[in-house]
Amino acid sequence: MNTSRACSEVWVEGISAYLPHHYLCHDDLAVRTGTDPEKYARGLGCTSMAVLHPMQDSVTMAAEAGLSLLTSYGVDPASVGQLIVGTESGVDWAKPVAAYVHEMIGLSPRCRTYDVQHACYGASAALSSVGAWIASGMAAGRKALVIATDVARYDDGSPGEATQGAGAVAMLVGDSHTGVLRPDLGMEAVYSSQVMDFWRPGHRSTAVVKGKYSINCYLAALAQTYQVHREAGGEGIDELDYLLFHLPFPRMSEKALGKLMEAECGQVDEETFSKVLREKVNPGVEAARIVGNIYSGSLYLALASLLENRGARCTGRRVGLFSYGSGCCAEFFTATIGDSNECWKGRTGVERTSTSSTRIGVETYAAFRRETSRLNSDDSFKLGHMPCADSVPPDARYVYLGYRNQKRVYAPGPAGRIARVGSQVGRVSRSVPQPVGPTT
Ligand code: COA
């Protein structure tokens, strides 16, 4: 092993998102739920939501994001010393998502793997942890991979249904003094409080949320962390070039900015508010308008959205980031964006998704929901019986086939010719995927 080398700079060296192939327009959902479409468009700020195919899950999305990142940034898998998955959509009470992903993306056995769960805050906790690992010198030149992966799912017809989404964001963290983002180490302002604003009991596949209370908890945590940040000498809104927020729904960004401006200057005049919203906040919100809430990856999707939207214009700029996980734990931190857009151009995954997605109607959406429930029930694996197999996304390198003997069965997807499961490499037909890995 290399000798220890403490460092003062830790970088998010690369970022890559995997977002579902299918989406449902809110205008279609509005017809199904009998809601005024303006509520979704103006009240929540969303136009569509990503819908995950039943043969994909938090594991396959994390693997897709991780593989894209390793490939597009040319990372040697052997250089990754930690893989931490931030998720509240785990597939097992004991076995972490990270264990599956570790194999699917071909990392070394000498890599620590675990999940972090704290609602939408998990990936931020993971980033903070690997930042300390690298800064201390214990990483000894190795990199860390943090992957946020979640499926936001609410009851049929509930207010939360319109805020659903799914996606994974992978980030490579290291000490190479270049990359996408350099967080200000040790400057994070954190806040925790035991509140019941949003949760998912172990027997449920959908979340329970007290919507308005949750918004208030979020805003209270934002005010608390921002105050600590300012008292410690952190920059104010005027000095920061961009502000990125965790987004349970896109219009939350307006409420969050309002809270910060109120804390900064008391009364907020409408013209200044609109200008700051347009210039500093909206570039990070665009992806959420079409994808929806992706829980622990939401803040980092906002980062990817900003990078895609602003390109070279955001190089070297200062950014404030707010992470919130219900329950709750929150963090406000600042960072500098890398000085070359070559570090992310064409690699974030956001542009690819918005150009190659497939719109589905409410019937397909309902069928996907039913099939997801079926596939996640005991003994659901039946080779050759996959009603949704023909609609598997063409870019899927892995698919989920159901439970057999209490074990989840995964197989290479249509793009599986470049996917690896352990030592196996292969392509399978779209209609009859063959299982791989230790499934018996
Ligand atoms: N035209 C325009 N706007 C409309 C409208 C219409 N016809 N009907 C309603 N609206 C507006 C409301 O005025 C409201 O805006 P406001 O927040 O500025 O007051 C907004 O749309 C939402 O309407 P509301 O009646 O408050 O919605 P709801 O009770 O159905 O709940 C959420 C909405 C977002 C709270 C709910 O979807 C939810 O619980 N989401 C999940 C929150 C979450 O994930 N929290 C986790 C931690 S962050």
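The largest cavity has a volume of about 150 Å³. Among the 14 residues lining it, V51, L52, R153, Q164 and Y365 are the closest to its centre. A cavity is a set of points, on a 1 Å grid over the protein atoms alone, where a 1.4 Å probe fits but cannot get out; lining residues have an atom within 4 Å of a point. Points are joined across faces, edges and corners, and a volume is the space filled by probe spheres set on them. By this rule there are 4 cavities of 30 Å³ or more.

The model is predicted: local features need pLDDT of at least 70 and side-chain atom pairs pLDDT 80 or more, while totals for chains, interfaces and linings use all residues. Residues are numbered from 1 along each chain as its sequence is written, and side-chain values use heavy atoms, without hydrogens and water.

The lining of the largest cavity draws at least two residues from each of β3 (48-51), β6 (143-152), β7 (165-174) and α12 (362-375), and α12 gives the most, with 4 residues. Helices (H or I, at least four residues) and strands (E, at least two) are DSSP runs numbered from the N terminus.

## Pockets

A pocket is an open set of grid points with protein on both sides within 12 Å along at least five of seven lines. The largest pocket has a volume of about 1300 Å³. It is lined by 46 residues, with E88, S89, G90, R200 and R204 the closest to its centre. Helix α12 gives the most to this lining, with 5 residues.

The second largest pocket has a volume of about 590 Å³. Its lining has 27 residues, of which T163, V209, G211, I215 and F249 are the closest to the centre. Here α6 gives the most, with 5 residues.

## Ligand surroundings

The ligand is surrounded by 23 residues (a heavy atom within 4 Å). The closest are D36, K39, P159, K212 and K255. Both α2 (37-44) and α6 (211-231) supply at least two residues of this shell, and α6 gives the most, with 5 residues.

Polar contacts are pairs of N or O atoms within 3.5 Å. Oxygen atoms of the ligand lie 2.6 Å from a side-chain N or O atom of K39, 2.9 Å from a backbone N or O atom of P159 and 3.0 Å from a polar side-chain atom of R251. The protein covers 73% of the 980 Å² of accessible area (Shrake-Rupley method, 1.4 Å probe) that the ligand has on its own.

Terms used:
A polar contact is a pair of N or O atoms within 3.5 Å; within protein, one must be able to donate a hydrogen and the other to accept it, and residues adjacent in sequence count only if both atoms are side-chain atoms.
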